[in-house]
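Subject: Structure handover

Hi,

Here is the structure I promised to pass on. Have a look at it first, and then read on for what I found in it.

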Number of protein chains: 2
Amino acid sequence: MSQFTQDFQNDLLDLMRWRRDVRRFRTDPVDEALLMRCLDTFLLAPSVGLSEPWRLVRVQSDAARDAALRNFQAANADALAGYHGDKAKLYSGLKLSGMREAPVQLAIFCADDTAKGDGLGAATMPETRAYSVVGAITQFWLMARACGLGVGWVSILDPLALARDLKAPGDWRLVAYLCVGWPEEETLTPELETAGWEARRGTLPIEVR
Amino acid sequence: MSQFTQDFQNDLLDLMRWRRDVRRFRTDPVDEALLMRCLDTFLLAPSVGLSEPWRLVRVQSDAARDAALRNFQAANADALAGYHGDKAKLYSGLKLSGMREAPVQLAIFCADDTAKGDGLGAATMPETRAYSVVGAITQFWLMARACGLGVGWVSILDPLALARDLKAPGDWRLVAYLCVGWPEEETLTPELETAGWEARRGTLPIEVR
């Protein structure tokens, strides 16, 4: 099918409305076939020069999960120390990761030195390789939500320490740490908005030249 | 609607299969309401700390388009000079942008210094702000394709020179230059694969720790 109906377009918009960054997961497992079906969307993502620089590490062992959780806790304590007064109080009450509960956890890397694609498109903007990985993550996020799964992106991490703890090759750069599982709730409102941290702008900043 | 059917999930996968990086556009205009409907997906994108750091410039005047096109031509000539023999011959035959034809052109920036979100989530990985912009672009790309429009991401550009030529504020970083319009054709195969530059891998590199 290369034509998409108005109904599908409306449902796609609904999907984007219901997609959340999830930090509250149920602990029941995710079916492997379902997970793989969602992850297959990586293979359909755009990538600069067809470099396909995404590299995934499934963080599964107790040791690997402990290292990731300790990394987050240290980075989060540092971040809290950067806020003061009411803002610090608000920050300390936020739940910013589901790393204790999420049954599936994935560290997503970019192979910055990949030979695939022979550098096409990435000479002046090499960061487009990492951007390709982010595009793939976004596709996965949407497909996971369409299947009822929740995804939470944890960025409060020391990326170099995590790469080392997960024994990632030297040219792999951490792009994201994803928690995946069944969400405790479904909502139209971002958790940071519910918590009073920040609200959506609601308009698109666009200028004309 | 918070539940999505199996049919919708299948159609979403089809959408990702048919999404292309388009460089061959028809020159007929894009309806403004349709364009704005697609761009509204930016407002639904995830962003680190709800920072919503996307900033758009619509590149419309002859002067602005000329500057962007000349920028691409210079960067592309430099890139070509980096290839040799058969690879150079192949590269020189590739069509890598639709900047001469695409009726809508957008430079997408990231406001790295935005106060929105108060830095939440971006202390150790400030690049997640640009990643938020890429997530929004990916959502726009999918919605545009669902509506029959093609999107092409041009990265063969000097980003600092383009930001200067478009009079972007100092803290705006170029993330992408997008060509948007009606595609000349619809196909399941990436153009770089058809041209023999690079093929898709077809499997997902995933390791377990």
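How many residues of chain A are in contact with chain B? The contact count is 78 residues of chain A with 77 residues of chain B, where two residues are in contact if their C-beta atoms, placed from the backbone, lie within 7 Å.

Before the details, a word on conventions. This is a predicted model, in which local features need pLDDT of at least 70, side-chain atom pairs count only at pLDDT 80 or more, and totals for chains, interfaces and linings use all residues. Residues are numbered from 1 along each chain as its sequence is written, while chains are lettered from A and ligands numbered from 1 in the order in which they are written.

On confidence, chain A has a mean pLDDT (the predictor's confidence in each residue, from 0 to 100) of 97, with 100% of its residues at 70 or more. For the complex, the predictor gives an ipTM of 0.97 and a pTM of 0.98.

Chain A on its own has seven helices and five strands; helices (H or I, at least four residues) and strands (E, at least two) are DSSP runs, numbered from the N terminus. With a radius of gyration of 18 Å, close to the 17 Å that the globule rule gives for 209 residues, chain A is as compact as a globular protein of that length. That radius is taken over C-alpha atoms, and the rule is 2.2 Å times the number of residues to the power 0.38.

Back to the two chains: E1(A) pairs with strand E5 (residues 206-208) of chain B in the parallel sense over three bridges, pairing being at least two DSSP bridges between two strands. Within E5(B), Val208(B) is the bridge partner of Arg58(A).

Eight of its eight residues are buried, so E2(B) is largely enclosed by the rest of the structure; buried means 20 or more other C-beta atoms within 10 Å of a residue's own (exposed is 12 or fewer, partly exposed in between), with C-beta atoms placed from the backbone. Val104(B), Leu106(B), Ile108(B) and Cys110(B) cover one side, and Gln105(B), Ala107(B), Phe109(B) and Ala111(B) are buried on the other.

E2(B) also has two antiparallel partners to look at. Strand E1 (residues 54-58) of chain B joins E2(B) through five bridges, with Val57(B) opposite Ala107(B). Strand E4 (residues 172-181) of chain B pairs with E2(B) over eight bridges, and there Leu106(B) stands opposite Leu178(B).

Best wishes
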